[in-house]
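Trainee: I've just opened this one and would like a guided tour. Could you take me through it step by step?

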Amino acid sequence: MKQAPKHPVRLERQGTIALIVIENPPVNALGVAVRRGIAAALNAAVAHDKTDAIVIAANGRTFPAGADIREFDMAAQEPSLGQLFDLIENAPKPVVAAIHGTALGGGLELAMAAHYRIASSDARMGLPEIHLGLLPGAGGTQRLPRLIGAELAFDMMMSGNQLSAGICAEIGLIDSVTSGDLRSEAVAYARTLTEVRPTALNRTHLMDGGDYMATVAARRAQVKADLGAGALAPLKIVDCVEAALLLPMDAGLQLERAAFEDCLASRESAGLRHAFFAERRAAKFPEAADAKPAKVERIAIVGGGTMGSGIAIAGLQSGFAVTLVEQGESGVNAALEQIGAFYERSIAKGRLSEAQGAAALTHLQLTNKLDTLGEADLIIEAIGEDFDLKASILAEIGAVAKPDAVIATNTSYLDLSALAAATGRPANTIGLHFFAPAQVNKLVEVGVHDAASAQAVMTGVGFAKAMGKTPVRARVHKGFGSGYIGNAILEAYRLAADIMLEDGATPAQIDGAMRSFGFPLGPYQIADMSGLDIAYARRQSKPRDPDVRYVEIADKMVEQGWLGQKTRRGYYIYAEGQRTGVPNGDVLKMISEHRAHKGITARKFSDRDIRDRILLAIVNAGARLLGEGVAARPSDIDTVMVHGFGYPRSRGGPMMDADATTPSIIASRLSVLAPEEPSLWAAAPVLTMLAQERQKFADLN
Ligand code: 3H9
């Protein structure tokens with residue numbers, strides 16, 4: 001972790017203007033030293049009789065991006081942000097906030113406590129606390145409605161979205177926008193101010209009720225309908241805005257403080273904050289000590305199916321020049337159609353202008369010639385999961401790529417070391433496993449094998465980051481065959497579910513139990529969506545392990561041609577064009593015949609049994625991957641499960657959940673299930689070690 005500077009706030013003078021400069025890299029978070037520094041500088045500036053006005057600005061990449069989230073788990077230290085902002089608001093001389101970068105959360109609340117706000121034209125502002133299960137807790141819920149009205153304030157706080165400086169000026173959140181030098185413009189602006197702004201932020205209540213109260217009631221009903229009773233922060237935001245409308249400022253601030261504390265103490269906020277730091281920790285690779293990412297300007301993708309086209313779109317959207325290689329004219333046309341459809345949808349939905357869409361497409365080169373790859377800095381092979389085919393294409397890529405190009409395969413479970421060897425330049429070859437839809441999903445598993453160079457790995461990491469993705473390191477292990485982190489865990493998840501299916505549960509019951517835990521879809525809905533033939537091919541390609549129970553139900557379905565949504569028949573039956581189905585009675589019949597054939601008497605599983613068995617299998621598989629060195633840290637597994645498989649983000653991830661239960665309780669619950677299927681539930685050595693040492697997974701992060 002970077003060491004915070006000892007004196008993160010400086011007081012400078014430009015004639016009669018006092019300039020308070022915050023410097024607390026990387027994002028000028030408002031930790032205790034910064035709060036104390038600003039308070040001291042402000043007092044000194046006010047006390048100086050030559051001070052006419054005060055400017056608060058920040059060095060580095062941004063105006064403060066919020067409170068220091070790391071301090072939320074520590075004892076509170078004064079001054080609090082609330083106390084500091086009172087000091088600023090009550091200053092007897094005009095205070096101007098000079099905003100650049102991203103003024104977020106407490107950073108924007110600081111700006112709102114100032115009397116005037118000026119921003120660089122490329123600055124952005126937002127209150128993203130809701131993404132951390134929190135609400136703006138340093139006056140934001142009271143000051144924002146007073147500045148821009150309740151409706152817009154709701155929109156900003158409920159979405160957590162960032163707004164551009166131009167829009168902020170239009171809605172009255174800031175006073176001035178400049179495309180010149182912000183610091184000197186802010187000082188010039190301050191010179192024009194002769195008084196503390198007669199406060200727009202009246203200390204009395206904001207409105208007389210009427211329409212606004214109807215807005216509050218509608219928002220409260222909406223939150224309850226959308227999110228249910230579990231959505232603490234959104235409901236508390238409604239309470240706080242209601243307070244801004246009805247109560248004097250001081251009472252509103254008090255209510256906001258209590259609401260913030262409630263949110264901070266919630267499991268939901270702990271989970272969301274864990275997820276925030278887990279994503280950033282995941283991107284830290286040990287290879288960074290030995291190499292920096294090489295420059296990547298042109299990427300090439302071989303294979304223009306759903307995955308390849310998705311990666312191409314993600315690349316174009318991030319400003320890379322993209323070459324997409326497909327076989328024959330029909331392959332090229334199909335890829336073009338997919339990519340074109342994405343841009344048409346984005347333009348129709350107003351996410352992109354026509355000009356932006358057209359500009360992105362000028363950077364796309366579609367071809368059926370592999371020899372065009374010679375210009376690419378990074379080449380991603382994204383064809384189907386067929387080892388021989390992949391190996392032969394990778395050999396061709398190795399023959400034409402420029403000497404320092406990095407080659408990546410998008411395989412999710414084939415032997416990465418062998419595929420890397422097939423290129424003829426294993427040191428330059430890595431795995432880059434994207435998750436569908438690749439243009440949306442942020443997760444990329446970076447596959448690392450023994451022969452891969454640090455430079456190739458870091459280039460993959462740099463590329464993933466440049467696309468706004470979260471790279472997670474996954475080391476290839478002995479017997480690699482179930483995939484990196486995500487698919488290996490999915491395999492355990494599926495087996496736990498299939499065993500219950502064979503022993504007495506129905507697909508709909510298992511899916512329902514997992515949805516009620518917070519997964520968006522259950523395992524059989526996902527299987528129907530992905531196509532049963534995909535997993536079938538993977539099962540067929542691997543030797544069967546005699547020590548692992550095998551459930552043939554999915555194989556029998558594939559043999560019947562019931563492949564899921566694509567054939568409108570899978571675990572569910574789908575009406576034309578529908579993505580939600582009704583349980584397939586034929587499958588239920590087949591399952592009960594299958595049980596009779598295997599001599600299994602159906603037994604009952606409660607929803608709780610289902611969740612427990614699956615979650616224990618997931619955690620145990622995660623612990624095994626840690627022991628094998630596939631996953632570098634428990635929080636990486638959490639990141640993969642949240643992004644790759646919809647594990648509820650507000651729970652942080654399975655390893656955080658396991659810590660909440662404690663590894664020793666998990667180990668004893670596993671010992672009850674282990675005799676049924678040791679491959680799933682015999683406690684992994686890492687878990688046993690943590691249980692014995694009374695440690696938590698978090699201790700290994
Ligand atoms: C709040 O303000 C509550 C108040 O209303 C009330 C309080 C009473 N604190 O994301 P990056 C670190 S809640 C501490 O990789 P980017 C981050 O961990 C807060 N650390 O860069 C990373 O560290 P490392 C409301 C923070 O350019 C480094 O900075 N604000 C914080 O992709 C770089 O981060 C938010 O929720 C923080 N607040 O994105 C904003 N923020 O180098 C949260 C970042 O050791 N932050 N770090 O890995 C962000 O959304 C992005 O970090 C930001 C930059 C857009 C600013």
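Mentor: We will go from the domains to single residues, and then to the backbone details.

Mentor: This is a predicted model, in which local features need pLDDT of at least 70 and side-chain atom pairs count only at pLDDT 80 or more, while totals for chains, interfaces and linings use all residues. Residues are numbered from 1 along each chain as its sequence is written.

Trainee: Ok, which domains does the chain have?

Mentor: The domain assignment gives domain 1 (9-254), domain 2 (296-484) and domain 3 (487-700), and such bounds come from an automatic or database domain assignment. The C-alpha centres of domain 1 and domain 3 lie 46 Å apart.

Trainee: And the largest nonpolar core, which residues touch the most other members there?

Mentor: Of its 212 residues, those are Ile-20, Val-55, Val-96, Ile-379 and Ile-485. A nonpolar core here is a set of buried Ala, Val, Leu, Ile, Met, Phe, Trp, Tyr and Cys residues joined through C-beta atoms within 7 Å. A residue is buried if 20 or more other C-beta atoms lie within 10 Å of its own, exposed if 12 or fewer, and partly exposed in between, with C-beta atoms placed from the backbone.

Trainee: What does Val-55 touch?

Mentor: Not counting residues up to four places away in sequence, Val-55 touches Ile-17, Leu-19, Ile-20, Val-96, Ala-98, Ala-186, Val-187 and Ala-190. Two residues are in contact if their C-beta atoms, placed from the backbone, lie within 7 Å.

Trainee: Now Val-9, buried or exposed?

Mentor: Val-9 counts as buried because it has 23 C-beta neighbours inside 10 Å, and it lies in strand β1 (residues 9-14). Helices (H or I, at least four residues) and strands (E, at least two) are DSSP runs, numbered from the N terminus. Leaving aside neighbours within four places in sequence, Val-9 is in contact with Ile-20, Val-21, Ile-22, Val-34, Gly-37, Ile-38 and Ala-41. Val-9 and Ile-22 are 13 residues apart in sequence and 4.5 Å apart in space, C-alpha to C-alpha.

Trainee: Where is Val-446?

Mentor: Val-446 sits in strand β16 (residues 443-448), and it is buried, with 28 other C-beta atoms within 10 Å. Among the residues that Val-446 touches, not counting those up to four places away in sequence, are Ile-430, Leu-432, Val-457, Val-461, Pro-471 and Val-472.

Trainee: Switching to helices, how do α8 and α9 pack?

Mentor: Helix α8 (residues 211-227) and helix α9 (residues 232-246) pack at an angle of about 175°, and their axes are 9 Å apart. That makes α8 roughly antiparallel to α9, since angles under 35 degrees count as roughly parallel, over 145 as roughly antiparallel, 65 to 115 as roughly perpendicular and the rest as oblique. Axes are lines fitted to C-alpha atoms, for helices over the stretch in contact, and angles run from 0 to 180 degrees between N-to-C directions.

Trainee: Which residues meet there?

Mentor: From α8, the residues include Tyr-212, Met-213, Val-216 and Leu-227, and those they meet from α9 include Pro-234, Leu-235, Val-238 and Leu-245. The residues of the contact of α8 with α9 divide into ten nonpolar, no polar and three charged. Here Ala, Val, Leu, Ile, Met, Phe, Trp, Tyr, Cys and Pro count as nonpolar, Asp, Glu, Lys and Arg as charged, and the others, Gly among them, as polar.

Trainee: What covers the buried residues of α5?

Mentor: The cover includes β7 (124-126), α4 (140-148), α8 and α9. In helix α5 (residues 150-159), the buried residues are Ala-150, Ala-153, Phe-154, Met-156, Met-157 and Met-158. Just after α5, Gly-160 takes a positive phi of about 70°.

Trainee: Which residues do the cis peptide bonds join?

Mentor: A cis peptide bond joins Pro-25 and Pro-26, with omega about 5°, and Pro-26 is in the loop between β2 (17-22) and α1 (32-47). A cis peptide bond also joins Glu-78 and Pro-79, with omega about -5°, and Pro-79 lies in the loop between β3 (53-58) and α2 (81-89). Most residues other than glycine have a negative phi, and most peptide bonds are trans.

Trainee: What about the phi of Thr-662?

Mentor: Phi of Thr-662 is near 90°, a positive value in a residue other than glycine. Thr-662 is in the loop between α26 (654-661) and α27 (663-673), and it is partly exposed, with 15 other C-beta atoms within 10 Å.
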